[in-house]
Amino acid sequence: MKMCRGLSGVPTSTTTALLIAPDRALAQQFLDTLPQTRAFQVLADLKSYPPAQTLEIRARQLRPNVVLLDLASDLAAAVDLIKAITALEPPVHVVGLHSSNDSQAILQSLRAGAVEFLHAPFEPNTQREAVNRLRRMIVTEQAATSAGVPAQTSSPPASPPSGPRSMIQSEAAITSRLC
């Protein structure tokens with residue numbers, strides 16, 4: 001997280017992000033909500049899925065906290081990118097973006113290492129809740145890293161489970177036990 005000045009002049013933390021969205025309509029729909037939510041500061045907007053090496057270079061240059069990744073265009077390619085992103089150092093979290101609340105996309109992205117999932121119409125309150133969970137994870141990782149404890153890059157949210165995301169996590173846990 002970067003520190004910047006909020007509207008009141010008081011420093012606030014911003015969750016910086018790299019947006020990767022081949023579906024430009026989805027990307028625009030998400031970007032249109034950012035002035036309302038101020039949830040993410042998008043540092044760069046990639047219009048196609050990059051090769052892993054290019055992604056690694058961009059992540060080193062920009063040092064985002066999160067990658068906002070379009071899952072709707074090509075789920076298999078997105079899952080491969082999630083695996084590459086979660087292997088980066090320092091850790092970068094993945095937030096999956098989709099045009100609908102697609103349970104298959106959610107399960108596959110969470111299994112690959114994504115920590116959040118947002119879907120159209122990208123409700124402002126849902127975004128704020130996701131960002132708050134991400135910030136808690138990032139702060140915890142930064143504290144652990146400064147204390148010499150290795151950071152966990154795919155930990156569950158710090159808040160108690162509730163809502164559709166926890167149902168999906170429960171379904172994923174049950175499914176993984178059955179497989």
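This is a predicted model: local features need pLDDT of at least 70, side-chain atom pairs count only at pLDDT 80 or more; totals for chains, interfaces and linings use all residues.
Strand β5 covers residues 93-98. The strand is mostly covered, with six of its six residues buried. H93, V95 and L97 point one way from β5, while V94, G96 and H98 point the other way. In a regular strand, side chains alternate between the two faces of the sheet. Residues on both sides of β5 are buried here.

β5 pairs with β4 and with strand β6, the latter spanning residues 116-119. The two pairings are set out below.

| Strand pair | Sense | Bridges | Residues standing opposite |
|---|---|---|---|
| β4 and β5 | parallel | five | L69 and G96 |
| β5 and β6 | parallel | four | V95 and E116 |

Each pairing is also part of a β-α-β unit. From β4 the chain passes through α3 to reach β5, and this crossover is right-handed. A right-handed β-α-β unit is likewise made by β5, α4 and β6.

**Residue H98**

H98 lies in strand β5. Is H98 buried or exposed? Its relative accessible area is 8%, and because the cut-off for buried is under 20%, H98 counts as buried. The side chain of H98 reaches the backbone nitrogen of S100 at 3.1 Å.

Leaving aside residues up to four places away in sequence, H98 touches L26, L71, A72, A105, F117, L118, H119, A120 and F122. Of these contacts, F117, L118 and H119 fall within the residue range of β6 (116-119).

In soluble globular proteins, nonpolar side chains tend to be buried together. The largest nonpolar core in this model has 23 residues, of which L18, I20, V67, L69, I82 and I85 touch the most other members. The elements that give two or more residues to this core are β2 (11-20), β3 (40-46), α2 (52-62), β4 (66-70), α3 (75-86) and α4 (103-112). The largest contribution to this core comes from α3, with five residues.

A second, separate core holds 21 residues, including A21, L26, A27 and V66. L26 is also one of the residues that H98 touches.

What does L18 touch, not counting residues up to four places away in sequence? Its contacts are A44, L46, L55, L62, P64, V66, V67 and L68. Among them, V67 is, like L18, one of the residues touching the most other members of the largest core, whereas V66 belongs to the second core.

Methods. Residues are numbered from 1 along each chain as its sequence is written. Side-chain values use heavy atoms; hydrogens and water are left out. Buried means under 20% relative accessible area, exposed over 50%, partly exposed in between (1.4 Å probe, protein chains only). A polar contact is a pair of N or O atoms within 3.5 Å; within protein, one must be able to donate a hydrogen and the other to accept it, and residues adjacent in sequence count only if both atoms are side-chain atoms. Contact means heavy atoms within 4.5 Å. A nonpolar core is a set of buried Ala, Val, Leu, Ile, Met, Phe, Trp, Tyr and Cys residues joined through side-chain atoms within 4.5 Å. Two strands pair if DSSP finds at least two bridges between them. A crossover is right-handed if, with the strands pointing away from the viewer, the path from the first strand over the helix to the second runs clockwise.
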